[in-house]
Amino acid sequence: MEVCFLASGKRGAVLEAADVEGKTAKAVKHALATKLGVTTFRQRLFLEGDAGEIHDDDIFPSVPLKVQLVVLEFCPPDVTEDKQMMAAARENDTVSLEKLLKCPRSPNTRDA
């Protein structure tokens, strides 16, 4: 499967069928994170020619020929959300932490 950047159309990566078929979009994003060095939380995937985003829990039943990738920038720092993220990490609240990171928030924040 060819993964191209939506904005430029340039090829970002090529994934083997074993990395895609029967896998969730989240698993595919993990494979892309390794190849591209971009955290899964900053990635958004779209099927070529389809306006809808491929959600993390969507499963690829077969290997599409091409997927388009959007890499988001981190949101600007926000003291309240940074504190919520640090609290979620301390409390091992993975659901809240993942929700905040998907904004996408930078995980490189410090406790004030």
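This is a predicted model: local features need pLDDT of at least 70, side-chain atom pairs count only at pLDDT 80 or more; totals for chains, interfaces and linings use all residues.
Me: In the hairpin of strand 1 and strand 2, which residue takes a positive phi?
Reply: Strand 1 (residues 2–5) and strand 2 (residues 11–14) pair in the antiparallel sense, over 3 bridges. Cys-4 sits opposite Arg-11 of strand 2 in that pairing. There are 5 residues between the strands, and the one with a positive phi, near 80°, is Gly-9.

Me: Which residue in strand 5 stands opposite Phe-46?
Reply: Strand 3 (residues 43–47) and strand 5 (residues 66–71) are antiparallel partners, with 5 bridges. The residue of strand 5 that faces Phe-46 is Gln-68.

Me: Is Gln-68 buried or exposed?
Reply: Gln-68 is part of strand 5. Leaving out residues up to four places away in sequence, Gln-68 touches Cys-4, Leu-6, Arg-44, Leu-45, Phe-46, Leu-47, Glu-48 and Gly-49. Its relative accessible area is 19%, and the cut-off for buried is under 20%, so Gln-68 counts as buried.

Me: Which element gives the largest share of the largest nonpolar core?
Reply: That core has 14 residues, and those with the most contacts inside it are Met-1, Leu-15, Val-28, Leu-32, Leu-45 and Phe-60. Helix 1 and strand 5 each supply at least two residues of the core. The largest share, 4 residues, comes from helix 1.

Me: What does Leu-32 touch, not counting residues up to four places away in sequence?
Reply: Leu-32 is among the core residues with the most contacts inside the core. With residues up to four places away left out, its list is Val-3, Ala-13, Leu-15, Gly-37, Gln-43 and Leu-45.

Me: How many disulfides does a search of the whole structure find?
Reply: A disulfide is a covalent bond between the sulfur atoms of two cysteines. Take Cys-75, which is partly exposed at 28% relative accessible area. Its closest cysteine sulfur belongs to Cys-103, 5.5 Å away, and that is too far for a bond. Over the whole structure, the search gives 0.

Me: Which peptide bond here is cis?
Reply: Most residues other than glycine have a negative phi, and most peptide bonds are trans. Look at the segment after helix 3 (94–101), where Pro-104 has its place. Omega is near -5° there, and the cis bond runs from Cys-103 to Pro-104.

Me: What is phi of Asn-92 near?
Reply: Asn-92 lies in the loop between helix 2 (79–90) and helix 3. Asn-92 is exposed, with 62% relative accessible area. Its phi is positive, in a residue other than glycine, at a value near 55°.

Me: How many Å separate the C-alpha atoms of Pro-77 and Leu-45?
Reply: Pro-77 is in the loop between strand 5 and helix 2, and at 73% relative accessibility Pro-77 counts as exposed. Not counting residues up to four places away in sequence, Pro-77 touches Asp-82 and Arg-105. Pro-77 and Leu-45 are 32 residues apart along the chain, and their C-alpha atoms are separated by 25 Å.

How values were computed: Residues are numbered from 1 along each chain as its sequence is written. Side-chain values use heavy atoms; hydrogens and water are left out. Two strands pair if DSSP finds at least two bridges between them. A disulfide is a pair of cysteine sulfur atoms within 2.5 Å. Buried means under 20% relative accessible area, exposed over 50%, partly exposed in between (1.4 Å probe, protein chains only). A nonpolar core is a set of buried Ala, Val, Leu, Ile, Met, Phe, Trp, Tyr and Cys residues joined through side-chain atoms within 4.5 Å. Contact means heavy atoms within 4.5 Å.
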